[in-house]
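Please have the sequence and the model open side by side. The briefing below walks through the fold, the ligand site and a few backbone features.

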Amino acid sequence: MRIDVFSIFPEYLGPLDLSLIGKAREAGLLDLRVHDLRDYAHDRHRTVDDTPYGGGAGMVMRPQVWGEALDAAAADRPGGVLVVPSPAGEPFTQAIARDLAARDRLLFACGRYEGIDQRVFADAGRHFEVRLLSLGDYVLNGGEVAALAMIEAVGRLLPGVVGNPESLAEESHENGLLEAPVYTKPAEWRGLSVPEELLSGHHARIARYRRDESLRRTAEVRPDLIAALDARTLDAHDLQV
Ligand code: 6GU
């Protein structure tokens with residue numbers, strides 16, 4: 001997969017050199033390039049923002065700079081999904097991460113200030129599929145941290161990035177539920193025991209225990225996820241929990 005990230009703070013994307021994503025890049029599974037948006041601003045101060053039409057607080061990112069950056073990206077390699085991290089976007093979910101992981105080219109446009117001139121998105125639609133995506137109902141100072149989160153969520157789904165693909169299937173949100181709590185040795189620690197089901201060595205009993213804990217935890221903190229479950233995926237025991 002090829003990913004291009006555009007930001008006025010390219011150093012913000014530094015963590016993408018580390019850990020699983022860093023290794024995926026070294027292994028050639030991911031060709032990720034971070035671009036300094038100011039390279040596409042041509043005045044002496046490399047200005048990327050201007051005052052908003054209609055007035056109001058803050059500044060807006062100028063369309064010319066983004067237009068040039070995205071034209072260059074399209075000329076380098078046409079097509080792909082342009083992700084615009086924005087609190088005004090559609091909620092980013094595991095299903096969207098899966099969809100993006102199946103594409104061969106993604107671009108991330110990291111905005112700052114009050115946002116990017118809206119015409120940039122209409123114009124970029126000539127080259128790319130444009131998606132505004134939000135991490136959740138709170139405000140960040142810019143798109144960089146959100147892009148980091150989305151790239152990590154997508155990158156770990158690429159074939160070969162996570163060593164044991166089975167570990168992906170059991171995670172939170174892959175089956176619409178939160179994952180059950182986990183434990184390791186010792187079986188007793190500071191007076192606290194590991195649930196005896198997990199020590200039983202009885203595969204079916206362990207699976208049932210985990211499923212029940214997963215349902216209980218989800219019902220407790222995310223009733224919205226329970227409401228969204230397909231009733232056909234629930235067995236008689238689930239319904240008792
Ligand atoms: Cl994706 N971007 C910004 N700037 N703020 C956010 C966000 C994204 N998601 C939640 N808050």
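**Briefing: a predicted model with a ligand**

G111 touches M61, V84, S86, I116, G142 and G143, leaving aside residues up to four places away in sequence. The model is predicted. G111 is one of the positions that UniProt lists under "binding site", in an unreviewed entry.

**Annotated binding site**

- The UniProt "binding site" record (unreviewed entry) names G111, L135, G136, D137, Y138, V139 and L140.
- G111 sits in the loop between β6 (105-109) and α4 (119-124).
- G111 counts as buried because 24 other C-beta atoms lie within 10 Å, and the cut-off for buried is 20 or more.
- D137 is also in a loop, the one between β7 and α5 (144-155).
- D137 counts as exposed because it has 7 other C-beta atoms within 10 Å, and the cut-off for exposed is 12 or fewer.

**Shell around the ligand**

- There are 14 residues around the ligand.
- P85, P87, L135, L140 and A146 come nearest to the ligand.
- L135 and L140 are among the positions in the UniProt "binding site" record.
- β5 (81-91) and β7 (129-134) each supply at least two residues of the shell.
- β5 gives the most, with four residues.
- The shell divides into eight nonpolar and six polar residues, with no charged ones.

**Chain and domains**

- The protein chain holds ten helices and nine strands.
- Of its 241 residues, 25% count as buried.
- The C-alpha trace spans about 70 × 40 × 40 Å along its principal axes.
- Take the contacts between residues at least 6 apart in sequence: 74% of them join residues at least 24 apart.
- The chain is divided into domain 1 (2-155) and domain 2 (170-240).
- The C-alpha centres of domain 1 and domain 2 lie 37 Å apart.
- UniProt (unreviewed entry) carries the annotation "domain: tRNA methyltransferase TRMD/TRM10-type" for residues 1-227.
- Over residues 1-227 the chain is 35% helix and 19% strand.
- The end C-alpha atoms of residues 1-227 are 35 Å apart.

**Strand β1**

- Five of the six residues of β1 (residues 2-7) are buried, so the strand is mostly covered.
- β1 runs parallel to β2 (residues 31-36), and six bridges join the two strands.
- D4 has R33 as its bridge partner in β2.

**Two pairs across the sequence**

- A74 is found in helix α2 (residues 63-76).
- A74 counts as partly exposed because 17 other C-beta atoms lie within 10 Å, a count between the cut-offs of 12 or fewer for exposed and 20 or more for buried.
- A74 and H127 are 53 residues apart along the chain, with C-alpha atoms separated by 6.4 Å.
- T233 and R190 are 43 residues apart along the chain, with C-alpha atoms separated by 38 Å.
- T233 is placed in the loop between α9 (223-227) and α10 (236-240).
- T233 is exposed because it has 10 other C-beta atoms within 10 Å.

**Backbone features to check**

- Most residues other than glycine have a negative phi, and most peptide bonds are trans.
- The peptide bond from K185 to P186 is cis, with omega near 5°.
- P186 lies in the loop between α6 (166-169) and β8 (188-189).
- H173 also lies in the loop between α6 and β8.
- H173 has a positive phi of about 80° although it is not a glycine.
- H173 counts as partly exposed because 15 other C-beta atoms lie within 10 Å.
- S19 has a positive phi of about 55°, and it is not a glycine either.
- S19 is placed in helix α1 (residues 19-26).
- S19 counts as exposed because it has 12 C-beta neighbours inside 10 Å, and 12 or fewer is the cut-off.

Terms used
Residues are numbered from 1 along each chain as its sequence is written. This is a predicted model: local features need pLDDT of at least 70, side-chain atom pairs count only at pLDDT 80 or more; totals for chains, interfaces and linings use all residues. A residue is near a molecule or strand if its C-beta atom, placed from the backbone, lies within 6 Å of it. Ala, Val, Leu, Ile, Met, Phe, Trp, Tyr, Cys and Pro count as nonpolar, Asp, Glu, Lys and Arg as charged, and the others, Gly among them, as polar. Domain bounds come from an automatic or database domain assignment. UniProt positions are given in the numbering used here, feature names are shortened, and annotations may be inferred rather than shown by experiment. Two residues are in contact if their C-beta atoms, placed from the backbone, lie within 7 Å. Two strands pair if DSSP finds at least two bridges between them.
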